[in-house]
Amino acid sequence: KHLRKLASQELSHRVTELAALHDVNVSRVSVRNQKSRWGSCSLKGTISLNWRLIQSPNFVRDYIILHELAHREQMNHSRNFWREVERLCPDYLLAERWLKKHAKILR
């Protein structure tokens, strides 16, 4: 319960910071108990994040947030989308590797 509250505060704040830094419009931030996703982005601009991310290192959290912010530009996983992710988060592959290796301890 404590971690979920902390996640809601900290992840929401970080989305706001990164969105402002990269001039991306976000309508709302939601921190949820997702079972199979780390994050998502709706067509209306809502960024939803898994509360379990609060247990990951900052660079992993930032990657997930930046990944979702990239969806505000490209609502797909096309080559252009991944170029945008790399522009926003040049070391994104390190975060992806960390998640693959440690995902089970966060679930």
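Modeller: The lining of the largest pocket comprises 5 nonpolar, 3 polar and 3 charged residues (nonpolar: Ala, Val, Leu, Ile, Met, Phe, Trp, Tyr, Cys and Pro; charged: Asp, Glu, Lys and Arg; polar: the others, Gly among them). This is a predicted model, in which local features need pLDDT of at least 70 and side-chain atom pairs pLDDT 80 or more, while totals for chains, interfaces and linings use all residues. Residues are numbered from 1 along each chain as its sequence is written, and side-chain values use heavy atoms, without hydrogens or water.

The residues concerned are Trp38, Gly39, Tyr63, Ile64, His67, Glu68, His77, Trp82, Glu96, Leu99 and Lys100. A pocket is an open set of points on a 1 Å grid where a 1.4 Å probe fits, with protein on both sides within 12 Å along at least five of seven lines; lining residues have an atom within 4 Å of a point. Its volume, the space filled by probe spheres set on the points, is about 150 Å³.

Two or more lining residues come from each of α2 (58–70) and α4 (92–106) (DSSP runs; helices at least four residues, strands at least two). The greatest contribution is that of α2, with 4 residues.

Strands β2 and β3 belong to an open sheet of 3 strands in the order β1-β3-β2, with mixed pairing (at least two DSSP bridges between strands). Both β1 (28–32) and β2 (39–41) are at the edges with a single partner strand, so one side of each lacks a neighbour in the sheet. β1 pairs with β3 (residues 46–50) in the parallel sense over 5 bridges, and Arg32 stands opposite Asn50 in β3.
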